[in-house]
Amino acid sequence: MVEKLTAALAAVKDPEIDSISIVELGMVENIQFVDGEAIVKLLPTFIGCPALDIIRQRVEQVLSDLEGVEQVTVEFIHHPPWTSDRITEQGREKLKQFGIAPPPKQTGPNGEWQVECPYCQSSYTLMENIFGPTACRSIFYCKQCKNPFEALKPISIWM
Amino acid sequence: MIVTKLEELHQLPEYKEALVELLFQLADDDFIIAYRGSEWLGLAPHIEEDVAFSSITQDTMGHAAMYYQLLEDIGMGRADDLAHGRGANERRNAILLEEVNGPGHYLYEPQYDWAFAVVRNYFYTQAKKVRIDSLKNCSYEPLAQVAVKVNMELYYHLMHWRTWFVQLVNAGGEARERMRKAVEKVFDDFAGVLSLGEKGEKMVECGLIDSEEVLKARWLQAVKPVFEQTNLELPSEFHMKRGNGRNGEHTADLIEALATLSEVYRMDPLAIW
C-alpha cells in the first residue's frame, strides 16, 4: 500500500515549478499506512514557502482518491532538514526542462557557485541576484546564449 | 537534560515558562522586523533589491510563523492569534526592531532611511545568527531542529546585509556619513536585541540558550573584522535608551504597527485563511 501511495504522490507537483513532483524534490520523508489512514511526513524546502498549504491540500486530495484510504494526515516536519541534494537526478533533469538550473552539487572554496545554463549548458554565466521570484530560486544570466534564467539555491547543512 | 516530547515538557513548569518566554522573543523579533521589511516593498533603492529584500522578509515571516507554531504546539493558543491578537504590552520583541523605517508612511510620502534599514538588518541578522547557532544545542529538541533549518536560510540573509553594509560605508561621502549616523542610532537600542529579559538566567540554567554575555561576545567577534574593514569604531557598551522590549516595554511605533497589521484579522478572528 505504501508503494501505491508513493506512486500517487508523483502526481503532486510543486505549484511554483509544475514540471517537478514533491517526490523528485525530495520533500517526502516518510509515508505510513495504518488502519485506513495515510500519514505523510513532508519536509518544507523553505520554512516560509507559501506553496506549503497548496501542497498539503493536493496530497490530501490525491491520496484520499485511492481505494482503501479513509483518512489522510499531512505533517510538515523540520528534521531532517530539507537540503538541495535531496533532489533526485530525474528531478534535476525536469528542472532544466522548466528553464531552471538545478542547485550546484558543490560550491567553491569561498562559497561561490558554478551554475550551468539550463538552455545551452554553458558555464559562462553570471549571477544577477541571489534572491529570486520565490524563496528557493536565484536569478542568473547566460553570457553564451544571452538568456536570463533561474537556478535553485544550494541549501546545505554546512551553511 | 534533553526534552523531546510535550508530555515531558508539561511536567516541568519552570522549564516550560522559560521556554515559552524565549519562543515569544524569537517569534516577536522576526515578526516585527519582517513587518517593517514588508513596508519597504516597492521602495527599495533598485528593483533587484526589492526582489531580495522581499524574499528575505518572506523567509523571516516564515521563521516567526514557525516559532508561533511551536508555541501553539505547547498549548499557548492558535499561531494566528499569537501573531495578530496580542497587544503591545504582551510583545517580547526588542524595541529597535519595532521602530518605523523613517518619516512618512509607506502609502504616501515615505521618506524611509536606507542606511538605517541596512544597519538595523545587518546587526539584527548577525545577532540572530549567533542565537541560532546557540539554539542548535538547545535542550528543547523541537527548537534545536528548527534552528538547523533556519540557519541555512539565514546564511543568505547575512551575506546580503553584510555586503550592503561594507559597500555603503566604504563608498565614502554622504553614504559613509549616513551609515555612521545609523550605526550610532542603532547602538542606542541594540542592547535590547541581545537581551534575554528577566527570565534570561532561567533560560541558561535550563540549557535552552547561551547567556547574554556569551552571545554578546560572539556577536562582537563576528562583526569585528567588518568594522576593521570599514574603519569604523566598535563601542564596548550598547544601550537600551527606550527600555527593554523583552519585559513588555514598547513605543507608540509598535502600537501603530500592530493596529495596522491586525486590521483584517480583527474583522473576523475566526476566519479560515
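This is a predicted model: local features need pLDDT of at least 70, side-chain atom pairs count only at pLDDT 80 or more; totals for chains, interfaces and linings use all residues.

**Entry 1: one lysine**

I looked up K4(A) to begin with, and it counts as partly exposed because it has 16 C-beta neighbours inside 10 Å. The cut-offs I used: a residue is buried if 20 or more other C-beta atoms lie within 10 Å of its own, exposed if 12 or fewer, and partly exposed in between, with C-beta atoms placed from the backbone. K4(A) belongs to helix α1 of chain A. I also checked a distance: K4(A) and L66(A) are 62 residues apart along the chain, yet their C-alpha atoms are separated by 8.6 Å.

**Entry 2: what I am looking at**

Residues are numbered from 1 along each chain as its sequence is written, while chains are lettered from A and ligands numbered from 1 in the order in which they are written. For the complex, the predictor gives an ipTM of 0.87 and a pTM of 0.93. Chain B has a mean pLDDT of 96, with 100% of its residues at 70 or more; pLDDT is the predictor's confidence in each residue, from 0 to 100.

**Entry 3: chain A overall**

How many helices and strands does chain A have? I found three helices and nine strands. Both kinds are DSSP runs numbered from the N terminus: helices are H or I with at least four residues, strands are E with at least two. From the N terminus, the order in chain A is α-β-β-β-β-α-β-α-β-β-β-β. The C-alpha trace of chain A spans about 55 × 30 × 25 Å along its principal axes. Of the 159 residues in chain A, 36% are buried. I looked at contacts too (two residues whose C-beta atoms, placed from the backbone, lie within 7 Å). In chain A, 53% of the contacts between residues at least 6 apart in sequence join residues at least 24 apart.

**Entry 4: a sheet in chain A**

I traced an open sheet of three strands, in the order β3-β4-β5 (chain A), with mixed pairing. β3 (28-34) and β5 (71-76) of chain A are at the edges with a single partner strand each, so one side of each has no neighbour in the sheet. On average, neighbouring strands here are turned by 15° against each other, direction ignored. Strands count as paired if DSSP finds at least two bridges between them.

Strand β4 (residues 37-42) of chain A pairs with β5(A) in the parallel sense over six bridges, and there L42(A) stands opposite F76(A) in β5(A). Two helices pack on this sheet. Helix α1 (residues 2-9) of chain A touches β3 and β4 of chain A, and its direction makes about 135° with that of β3(A). Helix α2 (residues 52-64) of chain A touches β4 and β5 of chain A, at about 155° to the direction of β5(A). For these angles, axes are lines fitted to C-alpha atoms, for helices over the stretch in contact, and angles run from 0 to 180 degrees between N-to-C directions.

β3(A) and β4(A) pair in the antiparallel sense over six bridges, with V28(A) opposite L42(A) in β4(A). The two strands form a hairpin with two residues between them, and D35(A) in the turn has a positive phi of about 45°.

**Entry 5: a glycine**

Is G91(A) buried or exposed? It counts as buried, because it has 22 C-beta neighbours inside 10 Å. G91(A) is in helix α3 (residues 89-97) of chain A. Leaving out residues up to four places away in sequence, G91(A) touches I20(A), E24(A) and L25(A).

Chain B has twelve helices and zero strands. Of its 273 residues, 44% count as buried.

Last, I looked at where the chains meet: 23 residues from chain B and 15 residues from chain A take part. On the side of chain B that touches chain A, α3 (47-74) and α7 (141-170) of chain B are the elements giving two or more residues. α3(B) gives the most, with twelve residues.
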